[in-house]
Amino acid sequence: LNDRSQLLINPKGEIVNEVFAEAKTGSRKEIKNLNENDNDVELLGTIVQVFDLRFYEICPRCGKRAKPTAALFECAEHGNVIPAYAYVLNAVLDDGTETIRCVFFRNNVERLLNLTQEQLLKFRSEPAEFEAVKNELLGTIIKVNGRANKNSMFNRLEFVANNVDPKPNPEEEIKRLSNN
């Protein structure tokens, strides 16, 4: 979701017949085989580089991006607000075929780092403290579901995470390899 997204809760005429206990995972791909606009793709790889945590302003009521104005920050829905903060983390994933920059927003940052929102927001005022977290993450094998996206500013393919598993099950991965 982004600042142009809209969420309708229980829209009239929509009926949910079946609810799955587990989220479906996308088709597994190697990084070298990713294409621009691939959606619902799963990657498995090792984190080889971690960038600094970046913070951005959001509306404290709806969570949408708050834009700076002359005086304060403005939410498209709620007008002038004193912003709350959300975060984004970029890391480079290597699967042995190639590397790709992965982008993790809010909940996926929390899941990846196994930290709470409160713990992460402390790094906003103490960014040097994040170095230890970055170093701890290096060499970690993760499974990521998401979509490939062309970053036109840098003319490169990036992967935007929809879900991250920071501790993939080795037995499941071995089974998957033996079935191929």
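Exposed, in this briefing, means over 50% relative accessible area, and buried means under 20%. Glu-77, at 52% relative accessibility, therefore counts as exposed. The model you have here is predicted, and a search of the whole structure turns up 10 salt bridges.

**Glu-77 and Lys-64**
- The side chain of Glu-77 meets that of Lys-64 in a salt bridge, with 3.6 Å from N to O.
- This pair links distant parts of the chain, 13 residues apart: Glu-77 sits in the loop between strands E5 and E6, and Lys-64 in the loop between E3 and E4.
- Lys-64 is partly exposed, at 26%.

**Lys-134 and Asp-52**
- Lys-134 and Asp-52 form a salt bridge through their side chains, at 2.9 Å from N to O.
- Helix H3 (residues 130-137) holds Lys-134, while Asp-52 lies in the loop between strands E2 and E3, 82 residues apart.
- Lys-134 is buried at 12% relative accessibility, whereas Asp-52 is partly exposed at 37%.

**Asp-38 and Lys-29**
- In the salt bridge between Asp-38 and Lys-29, the closest N and O atoms are 2.7 Å apart.
- Asp-38 counts as buried at 14%, and Lys-29 as partly exposed at 24%.

**Asn-108**
- Asn-108 belongs to helix H1 (residues 106-113) and is buried, with 7% relative accessibility.
- Its side chain makes a polar contact of 2.5 Å with the side chain of Arg-111.
- Leaving aside residues up to four places away in sequence, Asn-108 touches Ala-161, Asn-162, Asn-163 and Val-164.

Key:
Residues numbered from 1 in each chain as written. Predicted model: local features only at pLDDT ≥ 70, side-chain atom pairs only at ≥ 80, totals over all residues. Heavy atoms only, no water. Helix = DSSP H or I, 4+ residues; strand = E, 2+ residues; numbered from the N terminus. Buried < 20%, exposed > 50% of the residue type's maximum accessible area, 1.4 Å probe, protein only. Polar contact = N/O pair within 3.5 Å; in protein donor to acceptor, adjacent residues only side chain to side chain. Contact = heavy atoms within 4.5 Å. Salt bridge = Lys/Arg side-chain N within 4 Å of Asp/Glu carboxyl O.
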